[in-house]
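Morning, everyone. Please look at the chain on the screen, and we'll walk through it together.

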Amino acid sequence: LFYNYYYKVLQEYITLTGKVVRLKAYFDPLTFSSLSKKRIVYWQNNYWKLLKISDWSPKKSVVSVTLLKMIDVEVPKIEKKPVIVSGTWQFSGWLKPLLIDTEHVSVDFLETLGKQGVIISNKAELVNLNEIGDTVRYLTDGISKYDKYDYSIVECLLPADTQIAFPDYTNIDGLRARPVMEIKNLCFRYIKFTGDFVMNNLEVVNNFEFYESIFDGIFEGIKIKNIGNNAFTNSNFSGSLNLPSCTVIGNNAFYLSNFSGSLNLPVCEYIGIEAFYFSNFSGSLNLPRCMYIGEYAFVESNFSGELNLPLCEQIGEQAFLNSNFTQITIGANATLEADCIGAHSQEFIDDYTANNKKAGTYVWNGQHWIYQN
């Protein structure tokens with residue numbers, strides 16, 4: 001995707017989405033690219049255009065690519081013409097440097113190319129593409145390094161064991177155009193974050209992601225779909241918990257947290273062993289899609305009233321040890337371990353078995369669980 005540009009002076013005014021954009025370019029014959037992994041500047045119909053690599057394929061004509069953005073480019077006129085030896089783009093994340101005969105190129109020209117992000121070398125060594133586009137692709141806020149193309153945090157800039165309040169990382173710099181959807185490389189594992197956890201664009205929390213953190217405030221992650229094992233062990237969250245998109249909560253995910261009040265897990269399918277061991281939820285509990293609840297998952301909670309688990313296949317030992325339900329809706333043939341629902345657990349297991357483990361609702365009448373339908 002390198003194109004040859006011939007010397008000319010272009011100064012045009014165009015209209016793009018209602019805005020007038022001025023474009024200037026001064027070029028001798030040379031090979032030019034933004035050298036960015038997912039974006040390339042190319043020339044078409046007297047305009048510079050910005051192309052997303054993800055939108056391009058070798059079979060797709062450049063002419064058919066939609067104009068995405070106009071940019072200002074200013075390169076000084078070059079007195080000596082460079083002799084380009086070779087240049088190869090590789091889509092695997094690495095770039096073979098553009099080779100130039102430096103004896104026939106002015107110092108100003110080399111400096112100009114360097115400012116544009118071009119790597120100049122007389123050796124056919126490989127250069128990490130991520131390092132080339134660092135100033136264009138990444139943002140930093142003193143705490144982390146953010147990848148604008150992947151909407152992810154890729155590196156922590158703090159020393160291990162640093163204790164610091166966690167920023168609101170729903171978006172970087174508070175801009176909607178820069179959501180944080182992923183955290184890579186377990187980069188926050190050894191930072192002791194405190195305060196609130198607010199990442200309302202994050203989709204996955206990996207195993208042990210914040211294992212060393214000591215959060216002591218609220219938890220917000222309305223788009224999180226999966227929380228891994230021990231993801232927040234040692235943290236002490238408080239308040240209610242709302243995870244409307246989460247389907248999996250791993251073992252010991254919130255082991256030392258003290259959530260209280262209501263719990264909202266409308267699409268959760270799996271709750272691991274000791275996931276909410278020290279939390280103290282109360283009221284009724286509705287888990288309409290949950291199929292598995294591990295041992296001691298809610299052992300300290302004080303649920304009461306209705307327990308709705310219409311698809312449940314297994315409830316682990318002492319999962320609801322301190323709860324006192326009066327109505328339970330459950331799926332067929334579920335595996336029920338000792339003290340799994342708290343008060344009247346053994347009676348429930350006996351009555352459920354006596355009804356051939358039928359799916360449906362069972363109501364406590366003071367002595368037995370009466371099957372409703």
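Which side chain meets Lys 192 in a salt bridge? That of Glu 212, at 3.6 Å, N to O. By salt bridge I mean a side-chain nitrogen of Lys or Arg within 4 Å of a carboxyl oxygen of Asp or Glu. Glu 212 sits in the loop between β18 (204-205) and β19 (219-220), and Lys 192 in strand β16, so the pair ties together parts 20 residues apart in sequence. Helices (H or I, at least four residues) and strands (E, at least two) are DSSP runs, numbered from the N terminus.

Some ground rules. This is a predicted model: local features need pLDDT of at least 70, side-chain atom pairs count only at pLDDT 80 or more, and totals for chains, interfaces and linings use all residues. Residues are numbered from 1 along each chain as its sequence is written, and side-chain values use heavy atoms, with hydrogens and water left out.

How confident is the predictor? pLDDT is its confidence in each residue, from 0 to 100. The chain averages 75, and 64% of the residues score at least 70. Over residues 1-43 the pLDDT is below 50. Residues 116-135 are also below 50.

Now the overall picture. We have 4 helices and 32 strands. Of the 373 residues, 44% are buried. Buried means under 20% relative accessible area, exposed over 50%, partly exposed in between (1.4 Å probe, protein chains only).

Back to salt bridges. The whole structure has 5. Asp 147 pairs with Arg 137 at 2.9 Å between the closest N and O atoms. Asp 147 lies in β12 (residues 144-147) and Arg 137 in α3 (residues 134-137). Asp 147 is buried at 2%, and Arg 137 is buried at 5%. Next, Asp 150 meets Lys 184 at 3.1 Å. These two are partly exposed, Asp 150 at 23% and Lys 184 at 24%. Shared partners join Arg 137, Asp 147, Asp 150 and Lys 184 into one network.

On to the largest nonpolar core. It has 67 residues. Such a core is a set of buried Ala, Val, Leu, Ile, Met, Phe, Trp, Tyr and Cys residues joined through side-chain atoms within 4.5 Å. Phe 197, Phe 219, Ile 227 and Phe 232 have the most contacts inside it.

Last, cysteines. There are 0 disulfides (pairs of cysteine sulfur atoms within 2.5 Å). Cys 312 is buried, at 1%.

Key
pLDDT is the predictor's confidence in each residue, from 0 to 100. Contact means heavy atoms within 4.5 Å.
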